[in-house]
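Let's take a walk through this structure, one packing arrangement at a time. Have the sequence and the model open as you read.

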Amino acid sequence: MKKKEILDFYKNRKVLVTGSTGFKGAWLCLMLYMAGAEVYGYSLKPDDTQLLFGKIGLEDKIHQFYADIRDFDKLSAALNECKPEFVFHLAAQPLVVESYIHPRYTFDTNIMGTVNILECIRRSELEVSFLNVTTDKVYDNEEKDKQYKENDRLDGYDPYSNSKSCSELVTHSYKRSFFYDGGCFLSTARAGNVIGGGDYAKNRIIPDCVKAALGDKNIVIRNPYSVRPYQHVIEPLYTYLMIAANQYKNADISGNYNIGPDADDCQTTLKLVEIFCQAWGGGMKYTVSESTGPHEAGFLKLDCSHLKNVFGWKPVYSIKEAVYKTVEWNKRILGGESASEVCMSQIDDFYKIL
């Protein structure tokens, strides 16, 4: 499908988004709402790190179920009520550092949450296009200057990454065991680190940068030389819409897809912070912390050639443009614009470049 056809395709379609109150979930729900979809959200009530959902007024724009992805009965009831044609599975415990503190909760949520949503779909006998959103950290990271491909070994190191590797395997099992002859078309999306306006999560570098800027403090960097595939949040979200729409029409393209920037745009955390300081202005400075915390991957790049070959896809924003868009979002909010206005404006800006 052509780019405009993808957006038009979702008009009046029923779509379920798990993890709708999260950072990526809120942006995705808004994009679907703008496309004219009938959007249903399923997630826990937002906490003090998930402010975007409320700021953009999603409760007035979508049908929202507040419940735990681990609660099979409530999830099943929600699915049967909305009868979606598309399911985007984002519900997760999404933080590496948090997974060291609460490993059991992380594994329970990220693995059994995936089992639950797929089992609900299986029992419903609905025809669904399903996308499981995992992470770039699912791979057995060798800490080498290489780009990971979709057929590389899955074995995340920390509880978060490992639970997402398991979530991938759960999806593959359901696909081969129950949906081999249709009914549900399944893909997984392994996106790199996302940045953008409205992220208030703990232990993420861009939220830490914004807090420092607003508090007139130095930015503290934990792992300055870690290389990550940073990208603006709209980048993978549009790609999720593209994958799910196309596999709905052609089940043969369902599979596993890396989503990230080109190799020369994979930058160190230090470089990301330097771009942020330049974009924010006002003499922003940073310091490097001697405390690095628990193990996190030091080097990570994705090979996105499969996505490019299947869909003719390419990244829209460079890392610099992604950071500047993030700073623009925060400064416009500080200037009195509503979060909903700014988000929709930035979504429209992205679509104009496609």
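Look at helix H2 (residues 23-34) and helix H13 (residues 339-353): their axes come within 11 Å and cross at roughly 70°. That puts H2 roughly perpendicular to H13 (the word covers 65 to 115 degrees). Axes here are lines fitted to C-alpha atoms, for helices over the stretch in contact, with angles from 0 to 180 degrees between N-to-C directions. Helices (H or I, at least four residues) and strands (E, at least two) are DSSP runs, numbered from the N terminus.

Who touches whom? From H2, Trp-27, Leu-30, Met-31 and Met-34 meet Cys-343, Met-344, Gln-346, Ile-347, Asp-348 and Tyr-351 of H13, contact meaning heavy atoms within 4.5 Å.

This is a predicted model, where local features need pLDDT of at least 70, side-chain atom pairs count only at pLDDT 80 or more, and totals for chains, interfaces and linings use all residues. Residues are numbered from 1 along each chain as its sequence is written, and side-chain values use heavy atoms, leaving out hydrogens and water.

Now for the sheet. Seven strands form an open sheet with parallel pairing, in the order S3-S2-S1-S4-S5-S7-S12; strands pair if DSSP finds at least two bridges between them. Strands S3 (63-66) and S12 (256-259) stand at the edges with a single partner strand each, so one side of each has no neighbour in the sheet. On average, neighbouring strands are turned by 20° against each other, direction ignored.

H2 shows up again here, packing on the sheet and touching S1, S2, S4, S5 and S7.

Methods
Parallel < 35°, antiparallel > 145°, perpendicular 65-115°, else oblique.
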